[in-house]
Protein chains: 2
Amino acid sequence: MTLNKQIVLDRKPSGKLTVDCFRTQSSPVGDPGPGEVLCRTLLLSLDPANRAWMQGATYRGEVHAGTVMPGFTLAEVVASNDIKFKAGDLVEGDGGWQQYFVSPAKGLQKRVRLEPLSHLMSVLGVTGKTAYCGLLDIGKPQPGETVVVSAAAGATGSIAAQIAKIKGAYVVGIAGGPEKCRWLVDELGLDDAIDHREGNVYATLKARCPKGVDVYFDNTGGPILEAVLSRMNLNGRIVCCGVVSQYDTANPASGPRGIPGLLVTKRIKMQGFIVMDYVKLLPQAEKDLAKWMAEGKLKVAEDIIDGLDQAPAGLVGLLAGENRGKRMIRVAD
Amino acid sequence: MTLNKQIVLDRKPSGKLTVDCFRTQSSPVGDPGPGEVLCRTLLLSLDPANRAWMQGATYRGEVHAGTVMPGFTLAEVVASNDIKFKAGDLVEGDGGWQQYFVSPAKGLQKRVRLEPLSHLMSVLGVTGKTAYCGLLDIGKPQPGETVVVSAAAGATGSIAAQIAKIKGAYVVGIAGGPEKCRWLVDELGLDDAIDHREGNVYATLKARCPKGVDVYFDNTGGPILEAVLSRMNLNGRIVCCGVVSQYDTANPASGPRGIPGLLVTKRIKMQGFIVMDYVKLLPQAEKDLAKWMAEGKLKVAEDIIDGLDQAPAGLVGLLAGENRGKRMIRVAD
């Protein structure tokens, strides 16, 4: 009998997430019932939102203690009791932190294999498409406008910032630490980068974005949102993508000062979204992203960690900002 | 020589606005230069935003101590050095808290006289058009949706709430005190009203809006926004019109908890606006508002106080919520 290694959320974190909130267990690989599919996990996505799921219901239900930690996965079909899938198919779905999982067929989407497979988790996966849809549908950057992206060295931010450059904007990334900032400018070609760990993001923004900010792609919320909010131009757009500053805590802070007053004064639009809202735009997103990569306009940073056992430490480190680009776990080849 | 009575902002309030922040003075009526117009104030609008102007720059410059308090006015032309205006014309513009004012011609708009004149300050003026444009362009209420309006007994809120009813929504007003709440339901025909002074707006909203909230027309910000935010439905729209909870203080509070997290989770749009953004929509707004009034679908509440001297106390009282509908000062007949 094949055993399935699983990582379970053993207890909810009371403050910051630590690796001892998780435990590993083995259980028999499940048997797919009618309409179900047995899959073997290849790649597991680690996302800051994983931590938010522990705070309560978000765009998905709350994650409770005692359950296998959920997570987005790229997997291979082992056995299928549904006509739409057959053994060997490549699929994506919420397989969770485990080597094998059984899923209803309707919870899986077939993907075409490509090299490297990891691109299906990064630029051509949820994060790349999130950056594309949010920036272009809500942010709508125009040539010459100033676009600011927070967590710009992260999975989604690094793509969003580059797409803004492709669209002709003046792009400033906000990231933690001088190395990331140098990388944003030297490697990804951003116009400027601000290290929020140096403090006083408001004053730095004022100096570096003298024409104000037209589009803010917000991955962080919190004090960075507050600083950017005060520098927004008339008719500015704030793309609310994520709130990583408020995930790793049991007590998310109040919102920035000035909300909603500044929204009125400057006629700002703040809009939240998740990528699943953009079913119709996704084919175009994949096509454009692939084309920009092929043309060398879009660079992809991936941060691949080997072994399911590394998932807890990988997520804790992600929340501390140690990644550059898209972090994922290689569970199997 | 005719004297011009003026009310000056003598000093900025350090906390809540009090009448002793103002002083009265008399000065000679000004002489219009080339391209200028001398006007006699008839009606002076009192708006919660008057207090926000003292906090700093908003959609207009900050009001500094020692200057005649600005304010929106309906006035009659006394003498004109511009070809577009002649004595006797009815005009609107920022005449301020004084009996006479001189304005560049381009700062004035001509209005057609109607009875009662006060409608040009309420339903057919800035507040009515603000309600119309914000609710219909940003909120876009659909038949059967739930619309919540805060400061619903106020000038803008009372119109916005009724327009939402006209558009077929289930409309719940939030106001301070049982009399206002009864008035909203019995006189204006709202479906329900919540007295925020009773506390726990969140729980009350949960009970009274069991299907959640699709559109929130926000005049208050602060704790009421926080409560409504948590009850918003997927794809909800928050029309950011005003922030009266944060005007009468030197230290506006931080924003609600959950911003921008809830915006992401529920794909909410928050958008600020001011009525001047909607030049193209205004003719239609005036036409519709007049028609709805004529059909008896839209009731207009006005709160007219006689005498320029009453302006300071009138504004202080407005900030405390003592008005029902549009408060204005009748400066002259």
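Two residues are in contact here if their C-beta atoms, placed from the backbone, lie within 7 Å. The model is predicted: local features need pLDDT of at least 70, side-chain atom pairs count only at pLDDT 80 or more, and totals for chains, interfaces and linings use all residues. Residues are numbered from 1 along each chain as its sequence is written, while chains are lettered from A and ligands numbered from 1 in the order in which they are written.

Chain A holds 9 helices and 17 strands; helices (H or I, at least four residues) and strands (E, at least two) are DSSP runs, numbered from the N terminus. Its radius of gyration, taken over C-alpha atoms, is 20 Å. The globule rule (2.2 Å times the number of residues to the power 0.38) gives close to this value, 20 Å for 333 residues, so chain A is as compact as a globular protein of that length. Along the principal axes, the C-alpha atoms of chain A fill a box of roughly 65 × 45 × 35 Å. Buried residues make up 53% of the 333 in chain A. A residue is buried if 20 or more other C-beta atoms lie within 10 Å of its own, exposed if 12 or fewer, and partly exposed in between. Among contacts in chain A between residues at least 6 apart in sequence, 65% join residues at least 24 apart.

Chain A is divided into domain 1 (3-122 + 301-330) and domain 2 (126-276), with bounds that come from an automatic or database domain assignment. The C-alpha centres of the two domains of chain A lie 28 Å apart. Across the boundary, 19 residues of domain 1 of chain A are in contact with 17 residues of domain 2 of chain A. On the domain 1 side, α1 (49-52) and β17 (326-330) of chain A are the elements that give two or more residues. The largest share, 3 residues, comes from α1(A). By class, this side of domain 1 of chain A has 8 nonpolar, 6 polar and 5 charged residues. Ala, Val, Leu, Ile, Met, Phe, Trp, Tyr, Cys and Pro count as nonpolar, Asp, Glu, Lys and Arg as charged, and the others, Gly among them, as polar.

In chain A, 3 strands form an open antiparallel sheet in the order β2-β1-β4; strands pair if DSSP finds at least two bridges between them. Strands β2 (22-28) and β4 (67-68) of chain A stand at the edges, each with a single partner strand, so one side of each is left without a neighbour in the sheet. Strand β1 (residues 3-9) of chain A pairs with β4(A) over 2 bridges. In β4(A), T67(A) is the bridge partner of L9(A).

Between the chains, 31 residues of chain B are in contact with 31 residues of chain A. The elements of chain B that give two or more residues to this side are β14 (254-257), α7 (261-265) and β15 (269-272). The side has 15 nonpolar, 10 polar and 6 charged residues. Strand β14 (residues 254-257) of chain A pairs with β14(B) in the antiparallel sense over 3 bridges. The partner of R257(A) in β14(B) is S254(B).

The largest nonpolar core has 206 residues. Such a core is a set of buried Ala, Val, Leu, Ile, Met, Phe, Trp, Tyr and Cys residues joined through C-beta atoms within 7 Å. V149(A), V228(A), V149(B) and V228(B) have the most contacts inside the core. Leaving aside neighbours within four places in sequence, V228(B) is in contact with V148(B), L205(B), V213(B) and Y216(B). In helix α6 (residues 222-229) of chain B, 6 of the 8 residues are buried, including V228(B).
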